[in-house]
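Please keep the structure open beside them as you go.

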Amino acid sequence: MSFKNRVVVIGGGFAGARVAYDVAKQRNLADVTLIDRKAHFEVTYATLRAMVEPLTIGRRFAKRYVDFVRGNYTQGTVVDINMREVVRGNGRTVPYDYAVIATGSYYRTLPILKPSMPMTLEDRERQFEDEFTKLTEAQSILIIGGGTVGVELAGEIADKFPEKNIRLVHGTSRL
């Protein structure tokens with residue numbers, strides 16, 4: 001009987017999803033378990049465009065993990081990790097031989113970019129449709145912060161809604 005390594009990947013963004021996908025292809029060497037808050041992988045840099053085009057881009061920028069990761073997938077959070085196992089938010093544990101922590105980053109002030117709560121792909125699509133409705137109904141839009149995200153968001157909104165009054169406020173004289 002051969003021993004297969006147990007690999008747990010925490011976080012399903014670009015790095016985590018890729019590692020889980022590649023390791024899962026090596027079924028004879030390892031069993032992989034991917035743990036993520038979302039039930040799907042999403043192209044983070046497409047989220048701002050998906051907000052202004054939820055019915056076209058918003059349906060293409062995400063893919064369910066179960067559709068492409070050949071290992072195990074568990075939706076939820078991780079609250080602790082030790083040398084042998086990961087403790088999930090529901091108290092269940094996932095034993096491992098190798099752990100990959102690929103949790104990425106979080107935008108505190110703009111949760112549409114990366115949700116902090118567990119959600120399904122359908123929940124995420126509804127979230128984008130709700131944001132689109134707000135943009136459609138707004139007469140004017142104020143964006144605070146002229147960093148990368150603020151400037152791109154202003155551009156996406158201006159492209160889709162050229163009639164909207166968009167104001168970008170930044171703390172310094174240069175964006």
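1. I157 lies in helix α4, and helices here are DSSP runs (H or I, at least four residues), as are strands (E, at least two), numbered from the N terminus. Leaving aside neighbours within four places in sequence, I157 is in contact with V52, L135, I141, I143 and I166, contact being heavy atoms within 4.5 Å.

2. Before going further, please note that this is a predicted model, in which local features need pLDDT of at least 70 and side-chain atom pairs count only at pLDDT 80 or more, while totals for chains, interfaces and linings use all residues. Residues are numbered from 1 along each chain as its sequence is written, and side-chain values use heavy atoms, with hydrogens and water left out.

3. Which residues touch the most other members of the largest nonpolar core? They are F61, L135 and I157, in a core of 29 residues, a nonpolar core being a set of buried Ala, Val, Leu, Ile, Met, Phe, Trp, Tyr and Cys residues joined through side-chain atoms within 4.5 Å. The elements that give two or more residues to this core are β1 (5-10), α1 (14-25), β2 (30-36), α2 (47-52), α3 (121-137), β10 and α4 (148-160), and α2 gives the most, with four residues. A second, separate core has six residues, among them V8, I35, V86 and V94. In soluble globular proteins, nonpolar side chains tend to be buried together.

4. T33, which lies in strand β2, counts as buried at 13% relative accessibility, and beyond its neighbours within four places in sequence T33 is in contact with V7, V8, V9, N72, T74 and V94.

5. A search of the whole structure finds 11 salt bridges, each being a side-chain nitrogen of Lys or Arg within 4 Å of a carboxyl oxygen of Asp or Glu. In one of them R124 pairs with E42, with the closest N and O atoms 2.6 Å apart, and this pair links helix α3 to strand β3 (residues 40-42) across 82 residues. R124 counts as buried because its relative accessibility is 1%, and E42 is buried too, with a relative accessible area of 5%.

6. E156 forms a salt bridge with R49, the closest N and O atoms being 2.7 Å apart, and the pair joins helix α4 to helix α2, 107 residues apart. Both E156 and R49 are buried, and salt bridges that share partners join R49, E53, E156 and D159 into one network.

7. Is D31 buried, exposed or partly exposed? D31 counts as partly exposed because its relative accessibility is 37%, and its salt-bridge partner K4, with the closest N and O atoms 3.3 Å apart, is likewise partly exposed, at 30%.

8. Finally, E163 sits in the loop between α4 and β11 (165-169) and counts as exposed, at 59% relative accessibility. L142, in strand β10 (residues 140-144), is also exposed, with a relative accessible area of 53%.

Key: Buried means under 20% relative accessible area, exposed over 50%, partly exposed in between (1.4 Å probe, protein chains only).
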